[in-house]
Amino acid sequence: MKKINIPIIVFIFSIFGANAIAQDNILILDRSNVECIYSHTVFDPQLKETQTYNMLLQVGDKYSKYAQYANFRIDSVIMKTNEQISFNAYRRLAKLYGNSGFVPWLMKNRLTQELTVYDKVFIDTYYYNEPNPHIKWTLHKETAIVCGYECTKASADFRGRKWVAWYCNIPMSEGPWKFGGLPGLILKVEDTMGEHKFEAISVRKGRNDISQEKIDYMKSSRIQLNKAVADYKNEPWKSVQGFVRKPDGSPEDIPRRRLFHNPIEKE
Amino acid sequence: MKRFVIAAMMTMTVLIVSARVSLWGKVTTVDGEPIIGVVVKVFASNGDLIAYGTTQSTGDYKIDLGSESVEVMVSFTGMSYKEKEIVVTDFSTPVNITMHEAPFQLKEVTIKTPPVRTLGDTIVYAVDAFRKASDQTIEDVIKQLPGIIVADNGRIMYNGEPINKFYIEGLDLLSGRYALATKNISPTDVQSVSVYENHQPKRVLQEVEISEKAAINLTLKKKRMLRPIGNVTGGVGRGNVEVGWKSELFSMLVSPDNQTLISAKANNCGTNYAQETQSLVMGGNAIETEVYKLFPLKPLGVANLPPNRYEGNTSVLTSVNSIFKLKDTLTLNVVADYTKEDSDYRNSSEIEYFGADGKGSLTVFEKDVSHLSRHGFNVRLKVENNASALFYQDELKISGQFNNNDYLIDRAPLMSQTLRNKDVSVSNRFNFALKHDNRLWEFASDISVASTPVNCVSVGMLDSDSLEVLQTSAGFAFVTHERTALSWLLRKYSTFGVRLDFKSRYDRIDSEAVAKVLAMPSINSISGYKIETTAVPYYQYKKGRVTWRTEVPIKMYNMRYDDAIDDTIYNYNRPAIEWNTSFTYRFPNNLVGILKLAQSQLLGDISNFVTHPIAVSYKQWIVPGSQLLSKRASKHVTLSMNYRNALVGFFWFSRLLYGMTENNVLNRSEVGQLQLVQMYQNYRNKSRVSIIETTASKSFYDIHTMVSLSGNVQLNKRHTRRDDETYDVNVAIYEISGDISSSLLNKQLELSAECRYMRSVQDLGFGSTAIDEVSAAFNVSVFPFKWLEIYAKSSLKVSELAVDVTTRNFFLDGGLRLSRGRFDVGLSVTNITNRRSYSYRRFIEYDTYTYNFCLRPIEAIASVRYNF
């Protein structure tokens, strides 16, 4: 494997950042009708740590997008700026808007019912396509108020976890992440182990562009990518061993610690 | 037979298939265009949802109804289309629907902010999730945050430690005087309160110098930025004595590059504003001369009640604060305060001095009326560059205090006593730190000058118009402190460094006491210097969950004091070696344990050589020195543990401390009817202290309730001398407290209650004496309408005045507040039960004091506040 040093890695990050932040590199696919911000809380039972991400679901006529809310806010600033934003300016924006680093994001073509998932392993970005999954929900009669909306309970087994969802009367069969297929927008969904919880904190009328960055992601499959992410998060040092070097050429001592991780899909 | 079976199975299959019913069709616009994503719901005749589906990109839908249905109701809903409902009885033909455009009425946007979010060492509390309708200031909200305790003076403690910084939108506008913000900013202006755990304010020292203290940051709502916000209040009322009034202005302007906070207030209703300008962080206050420190401001007692219960006061505050962001990391901070306070209070006391046989050797009664007048000012100018590689700061500070306290003391004969003192100081603090590659260089230089030009105590007999005591004194101090440090990052986890400290202090004390009890004037005139040179090599190891830091301060003291009266020169050159080590382990589930061991030495100063009596009140004389340089050698071990789970709102903190101190001087006192003399005597002695404290708090976010409990045990073992006897003293203080606050009925009812029990036990070797004290408070606020608050606040203090003699002090306040638009109109009534006196008993230096304070009468004040 070719040996490179840290400044070069920083440079690579800069290039990725610069690609992501030029206005010309953003492709507008649709315009949202409804937007919902979800708080996604993840518990890692091995590290016994909890992290929370604010995610934005944008639903348009043709596309729906589920991505980190901070990215949407940063993209909005970039779209309003005629000039290309520097990497440092991007970093400042990321800090200002609470960007949590790379968080996997999803784009759904509502016409073809095809789902594309984007994720990252170390510094490489990948995607895979799959048909919009059909989740066999069981409807219940229980109701609860979520984010000010009266919601009805539904439950399902999906890819290794048991989920309880609460959907409202907003007439769209959408929800956070890959969830959907209920007769109303899903405002809350959590697994029965208490490891993942998505809960709406804001629902609003949409009027923003649904956009996608023109980045060259590498194609993969769901099983492959999930395994690669899990391998990297569990033993990150293996991904960079011998790859990262100090300025003097000696190998960098990479901490052997597991990264925060708990996959939503177990199967 | 085989053919028959196959035929029968095929027939049954056909029957089963034919028994399943589907509903299908197409949904289009009036123009015939297919509509995608329309939700189709099928309800049974009893209204139950039995099936559902959505339209595809062609507008087609197909819903399997399972078994044969006779009649169903079908609803078609889609964004931007008018809902359509039809009854379907025929399932053999497609059900095609045409929908008409109509804007979908999305319910008014509802935002529910998560009450607490954590991001590494940062905890973010959403203010709206914790704010009760009755909360007037952001301090009221901060008090309810789990894991945080706010003291009466406004000091914020997190995990038992005071915070080290208070930021507004990331800028340190107030230089530690953060009560100016917390006691004034409206919680409706604040988006969130963030707690930065282990906050190292200097970015250049992050990951190098570990801080155990936390910082707090207020994030304002975006719409409250870039414009002046605040309030103006005016009020007038009536008590039994005089017309009450208050007038307050608070304004703040926050923008990314500039913050300005202005406060101008005055009242005579009992609220003391001077606290708001006090620095609440370590090292924030100006230096004082040794003379100024000798004289207590209120030598005849202070009630353990809020001052507004017993002080008749007029308080004035003017404060202007600005911070300008000159560049990304460069700021200019300008601060100016002026405070004025005029207070009156009356009290009586019974002092039981302990004696050799375990009984009170002497009981003294006194009664006094006092009038305290204070002025103070403070001006600061600070430039700071806080970048990750370079830190520098220069702060110029000028401050002054001017006090005058007049007493009328009824001790038969009637006496007057006047304390007058002034203290002015000027200081400049310079701090610099540079990080380059693996090296870090720090340098700091502080220079301060303090002067007490006059400090005077005069006591006179009113009957005979004679002067009993006239104590005059003056002091001067010149202090410098230079620090430099160099550290190396050894590999990835280790830091080795050396800190060099050079402190010098020149002091001058001049005092002269003329008194009838003295045969000749008591005069002190001492001057001299103390130089403390310290080299502190340290090593720090930080890897993963473990942090270990060890320091070995090597000190050299050089002192020279010249007593001009006794014509004596005291010269000391003493080395000292200390050490301290701390070991921190972060367990995986947010549990942190810290073990500290330390051995330190503290050598005395100029006060050790002030050997002639100084009068600090009509009865109290002190002799601060014994001509021997005092030396305190201490060993301490502390184990503290804290746990937090902010998401479930649970915080726990515990600390165990054991310390042993060896002293070469012992305090000694001699008592008489009209005289208490405190002095020091050369006598080697040991003292021990053990402390166990724990605090736990839990927030139940769903029911808007917070509960906290704390307990504290403190055991002291030491010696004291009274007259010519030495006593072994054991003191134990036990304290337990709990409080609960809750917001019920959709915030229409707010309740809070707190209870505290304290037992002080003192044993001087001939049986123990105990004082019990119980206090409880219950507050209730009712909101019959969103714009109207009716509240009542009650408190009960049960004090033990003698064996089997207790007194119950019950207080009740109440009022109402109407909020309409930007206006708040309020009526508050204090001391509704019109309780006019308050008694309590406490141990002070092993003697027993029983105080009785006269209270302010029932008072009512009506006020109008305009919020902008």
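This is a predicted model: local features need pLDDT of at least 70, side-chain atom pairs count only at pLDDT 80 or more; totals for chains, interfaces and linings use all residues.
Let me start with Arg759(B), which forms a salt bridge (a side-chain nitrogen of Lys or Arg within 4 Å of a carboxyl oxygen of Asp or Glu) with Asp772(B), the closest N and O atoms being 2.8 Å apart. Arg759(B) sits in strand β40 (residues 749-763) of chain B and Asp772(B) in strand β41 (residues 768-785) of chain B, so that distant parts of the chain, 13 residues apart, are linked; strands here are DSSP runs of E, at least two residues, numbered from the N terminus.

Residues are numbered from 1 along each chain as its sequence is written, chains are lettered from A and ligands numbered from 1 in the order in which they are written, and side-chain values use heavy atoms, leaving out hydrogens and water.

How exposed is Arg759(B)? With a relative accessible area of 30%, Arg759(B) is partly exposed, a term that lies between buried, under 20%, and exposed, over 50%, for a 1.4 Å probe and protein chains only.

Turning to another pair, Glu693(B) and Arg655(B) meet through their side chains in a salt bridge of 2.8 Å, N to O. Because Glu693(B) lies in strand β37 (residues 675-700) of chain B and Arg655(B) in strand β36 (residues 650-672) of chain B, this pair ties together parts that are 38 residues apart in sequence. Arg655(B) counts as buried, at 19% relative accessibility.

Finally, over all chains, the structure holds 54 salt bridges.

Definitions and conventions
Helices (H or I, at least four residues) and strands (E, at least two) are DSSP runs, numbered from the N terminus.
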